Amino acid sequence: MTTLTIPRPMIKSDDLVVLGRKDFERLAKENKELRLAVKAIVVGELELRHGKTRTFKDFLKTEFPKYAKSF
């Protein structure tokens, strides 16, 4: 077993957490996906507020006209 000493100035007053590489990589990937999802939501909200989006009914009329008849 290898002993690793981490100096106090590096830790400062924060907690120290040690993770295995696989766990760290999984968490990093999830974090990236979460940031991208939040960014997409924010962009969508801004477009909605500025009237740059269309209603679901309009979407159906242009993309799937045969299904829009029931609306």
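The following legends describe close-up views of a predicted model of a single chain.

**Figure 1. Overall architecture of the predicted chain.** The chain contains four helices and zero strands, and its elements follow the order α-α-α-α along the sequence. The radius of gyration is 24 Å, well over the 11 Å that the globule rule gives for 71 residues, so the chain is more spread out than a compact globule. Along its principal axes, the C-alpha trace spans about 70 × 30 × 15 Å. Of the 71 residues, 3% are buried. The accessible surface of the chain amounts to about 7,400 Å², and carbon and sulfur atoms supply 59% of this area.

**Figure 2. Confidence of the prediction along the chain.** The mean pLDDT of the chain is 88, and 97% of the residues reach 70 or more. Among the elements, helix 2 has the highest mean pLDDT, at 95. The lowest mean value, 80, belongs to helix 4, which covers residues 65-68.

**Figure 3. Helix 2 and the residue that follows it.** Helix 2 runs over residues 21-49 and comprises 29 residues. The distance from its first C-alpha to its last is 42 Å, close to the 42 Å expected at 1.5 Å a residue. L46 lies in this helix. Because its relative accessible area is 41%, between the limits of 20% and 50%, L46 is classed as partly exposed. T5 is 41 residues from L46 along the chain, and the C-alpha atoms of the two residues are separated by 48 Å. Helix 2 is followed by G51, which has a positive phi near 70 degrees.

**Figure 4. Salt bridge between E30 and R26 within helix 2.** In total, the chain has two salt bridges. One of them joins the side chains of E30 and R26, with an N to O distance of 3.2 Å. Both E30 and R26 belong to helix 2 and are four residues apart, about one turn of the helix. An α-helix has 3.6 residues a turn, so residues three or four places apart point the same way. Side chains of opposite charge can pair when their charged atoms come close. E30 is partly exposed, at 39% relative accessible area, and R26 is also partly exposed, at 43%.

**Figure 5. Salt bridge between E63 and R54.** The side chains of E63 and R54 form a salt bridge with an N to O distance of 3.7 Å. R54 lies in the loop between helix 2 and helix 3, the latter spanning residues 56-63. E63 counts as partly exposed, at 45% relative accessibility, and R54 likewise counts as partly exposed, at 46%. K29 lies 25 residues from R54 along the chain, and their C-alpha atoms are separated by 32 Å.

**Figure 6. Nonpolar surface patch formed by L4, I6, M10, L16 and V18.** These five side chains, L4, I6, M10, L16 and V18, form a nonpolar patch on the surface. Together, the residues of the patch have about 580 Å² of accessible area. V18 is located in the loop between helix 1, residues 8-11, and helix 2, residues 21-49. Since the relative accessibility of V18 is 71% and the cut-off for exposed residues is over 50%, V18 counts as exposed.

**Figure 7. P9 in helix 1 and its separation from R54.** P9 lies in helix 1. With a relative accessible area of 62%, P9 is exposed. R54 is 45 residues from P9 along the chain, and the C-alpha atoms of P9 and R54 are separated by 54 Å. Whereas P9 belongs to helix 1, R54 occupies the loop between helix 2 and helix 3. R54 is partly exposed, with a relative accessible area of 46%.

Conventions: Residues are numbered from 1 along each chain as its sequence is written. Side-chain values use heavy atoms; hydrogens and water are left out. Patches are made of residues with over 30% relative accessible area and no salt bridge: like charges are joined within 9 Å, nonpolar side chains (Val, Leu, Ile, Met, Phe, Trp, Tyr) within 5 Å. Accessible areas come from the Shrake-Rupley method with a 1.4 Å probe; for residues, only the protein chains shown count as cover. A salt bridge is a side-chain nitrogen of Lys or Arg within 4 Å of a carboxyl oxygen of Asp or Glu. Helices (H or I, at least four residues) and strands (E, at least two) are DSSP runs, numbered from the N terminus. Buried means under 20% relative accessible area, exposed over 50%, partly exposed in between (1.4 Å probe, protein chains only). pLDDT is the predictor's confidence in each residue, from 0 to 100. The radius of gyration is taken over C-alpha atoms; the globule rule is 2.2 Å times the number of residues to the power 0.38. The expected span of a helix is 1.5 Å times one less than its number of residues.
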